Amino acid sequence: MTDSADHRPAILGGTPVRPAGPATWPPHNPSIQSVLQKLIESGDWGRYHGPHCPDLAQRLAAYQGVEHAWLCSSGTAAVELALRGLGVGQGDEVIMAGYDFKANFQNILCLQATPVLIDLNPTTWQLDVDGIEAALSSRTRAIIASHLHGGLVDMPRLRQVADRHQLGLVEDACQNPGATIGGRRVGAWGDVGVLSFGGSKLLSAGRGGALLTSRADIIERIKRYVLRGNDAYPLSEMQAAVLRPQLEELDQQNIRRHAFVRQLATNLKDVSGLALLPILDDSTQPAYYKVGFRYSASAIDGLPKDLFAEALRAEGIAFDPGFRSLHLIHATRRFRAADILTQATLADTQMLTLHHPVLLEGDAAITEITTAIEKVQQHAAEIRGRQ
Ligand SMILES: *Cc1c(COP(=O)(O)O)cnc(C)c1O
């Protein structure tokens, strides 16, 4: 039909809503430029040891309200070290959600322990605290709880369940550093909290991670594992130095991201087929590495989620399909499923995410996202029938 190029989806040859494409990350930051300049002048960039790692560790611990922050080479390494710090080993079981970051599952296997998968809460689409007790066995040693796609696990209740059964709690806060529940930072609710400083994350050093804990015994076990006359999982001085200014800006940026997401949710409230994941309650301050939505293809002319995300990316908006659920991509002998994982199975086909860099932009970006979604929705049948 006669559809002007502006109204046709980019995936069908029209003009993209954002011709320059998605926002990039990390953004230009004069404070980081000046930190790097000083590192070059002082030569600190090339040192094994210097002031920047101890300084960052001390600031992170204070920011999080924990006794110790241990810096390491990635969030994935931090989850492994957290499990080791809790003494997880061969034959143990570790409870986690059926929809989670794949490396968390692999880390459990790497310790010769067994992942026990539980379902998501049907409302929040985060690990369902109500599913823990039915999943317990005499071998249960720990729980991994990840806050995903802007949502929050109910940590006050999970903390009680973990205490009642004396289970170690690993809190994966890689996707929402700085978020709070009841005034307490995420990452500080677990026996061990985990942060990532990967290249796309809110606090980024290209690579890197940290463990947060107030338990000295956990730090002792981690030290015994990583310190081999040398640190086997180190963060560098240069990485620590570029993280400090970002930590200082984190709270203010999280407030901006949250305001953006609230406005976007208002704009999208009449768009059927896309529902923002809810945050826990009013006591929370969320943080967004990804913004999670439930995508319902049936409301969008049967357009599959992956194709919807691809069409939005063609418009210059960074939507992507989220994770694959773990029970659907691993052999059943690798894990134990505590129940039939109804919600985790749904999340596999319905979780849609928006990548965070755009959230620091203004109203114009909110309009662009809304316009792009409407455009794709109006042409959904045609996009589905393409090829
Ligand atoms: C990014 C991420 C990690 C760790 O990633 P690294 O790239 O290893 O730092 C862990 N868990 C979740 C949920 C993540 O999103």
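Mentor: Domain bounds here come from an automatic or database domain assignment. The model itself is predicted.

Trainee: Which domains does the domain assignment of the protein chain give, and how far apart do their C-alpha centres lie?

Mentor: The assignment divides the chain into domain 1 (30–247) and domain 2 (249–385). Between the C-alpha centres of domain 1 and domain 2, the separation is 24 Å.

Trainee: How much area do domain 1 and domain 2 bury between them?

Mentor: The size of an interface is often given as the accessible area lost when the parts come together. The contact draws 52 residues from domain 1 and 46 residues from domain 2. Of the area buried, 62% is on carbon and sulfur atoms, and the total is about 4000 Å².

Trainee: Which residues of domain 1 lose the most area to domain 2?

Mentor: Three residues together account for 21% of what the side of domain 1 buries. They are Tyr99, Trp125 and His149.

Trainee: Which element gives the most to the side of domain 1 that touches domain 2?

Mentor: Polar contacts across the interface of domain 1 and domain 2 number 28 residue pairs, both residues at pLDDT 80 or more. Elements that each supply at least two residues of the domain 1 side include helix 4 (102–110), strand 3 (114–118) and helix 8 (237–267). With 5 residues, the element that gives the most is strand 3.

Trainee: Which side chain has an N or O atom 2.6 Å from an oxygen atom of the ligand?

Mentor: The residues around the ligand include Thr76, Asp172, Gln175 and Lys201. A polar side-chain atom of Asp172 lies 2.7 Å from a ligand nitrogen, and one of Gln175 lies 3.0 Å from a ligand oxygen. The side chain at 2.6 Å from a ligand oxygen is that of Thr76.

Trainee: How many residues apart in sequence are the parts that Glu361 and Arg18 tie together?

Mentor: The whole structure holds 25 salt bridges. In the one between Glu361 and Arg18, the closest N and O atoms are 3.0 Å apart. Because Glu361 lies in the loop between strand 15 (351–355) and helix 12 (363–378), and Arg18 in the segment before helix 1 (30–42), the parts tied together are apart in sequence by 343 residues.

Notes: Residues are numbered from 1 along each chain as its sequence is written. This is a predicted model: local features need pLDDT of at least 70, side-chain atom pairs count only at pLDDT 80 or more; totals for chains, interfaces and linings use all residues. Side-chain values use heavy atoms; hydrogens and water are left out. Contact means heavy atoms within 4.5 Å. Buried area is the accessible area (1.4 Å probe) that two parts lose on being put together, summed over both. A polar contact is a pair of N or O atoms within 3.5 Å; within protein, one must be able to donate a hydrogen and the other to accept it, and residues adjacent in sequence count only if both atoms are side-chain atoms. Helices (H or I, at least four residues) and strands (E, at least two) are DSSP runs, numbered from the N terminus. A residue is near a molecule or strand if one of its heavy atoms lies within 4 Å of it. A salt bridge is a side-chain nitrogen of Lys or Arg within 4 Å of a carboxyl oxygen of Asp or Glu.
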